[in-house]
Amino acid sequence: TSANRTWFSHGQNGVTNAGIILRINTNNTVLFAFYDNDLLSTQTIPDNTWSHITYTYNSSNNYRAIYINGSLSISDTSSADYNSGGSHNANIGRWAAYAPEGYFKGQISDVRIYDYPLDAQDIYKIYKTGEVLGNEIVHYTFNQAAGDQVLDQSGNGHHGTATNGPT
């Protein structure tokens, strides 16, 4: 593909360890970035095929990992904590710093954020069964008809707003 495809961003732009960027690069490798403190898979994902990508981060020890289709692709211990420096919007389907060209070109389904780091068994179970585990903070399936509202399936009421006409 000709452009990086950011599907999630949060935090500050241009400040090391203050912005999370989750994306698929032009060479189809998968990136988990804290802005200039990055974890990059060497494994690639195919175009035009559904892939299940999971990122996990443990703030108590800075362990982070990328799983592709239920299997560990790469992990490391971040050199510093992630710290966004305040309250920022989470963006699904774009890197806010680079809108409008930062919009994801593709399909996104089943985005979840948990209040604890998932382990390999949890991730594999979600990949194979779609089971909801533990305490989700948010869970977006993107398959409900609600106009521009994106409904949070976790029950926590963190509903989002679809912008720029996603389909």
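1. Arg 64 and Asp 76 join their side chains in a salt bridge at 2.8 Å, N to O (a side-chain nitrogen of Lys or Arg within 4 Å of a carboxyl oxygen of Asp or Glu). Arg 64 sits in strand S6 and Asp 76 in strand S7, 12 residues apart. Arg 64 is buried at 0% relative accessible area, while Asp 76 is partly exposed at 21% (buried is under 20%, exposed over 50%, partly exposed in between, with a 1.4 Å probe and protein chains only).

2. Bear in mind that this is a predicted model: local features need pLDDT of at least 70, side-chain atom pairs count only at pLDDT 80 or more, and totals for chains, interfaces and linings use all residues. Residues are numbered from 1 along each chain as its sequence is written, and side-chain values use heavy atoms, leaving out hydrogens and water.

3. S6 (residues 63-68) pairs with S7 (residues 71-77) in the antiparallel sense, over six bridges (DSSP must find at least two bridges for a pair; strands are DSSP runs of E, at least two residues, and helices runs of H or I, at least four, numbered from the N terminus). Two residues separate the strands in this hairpin, and Asn 69 in the turn has a positive phi of about 50°.

4. The structure has four salt bridges. Another one of them ties Arg 112 to Glu 136 at 3.9 Å, N to O, and both residues are buried. Salt bridges with shared partners put Asp 110, Arg 112 and Glu 136 in one network.
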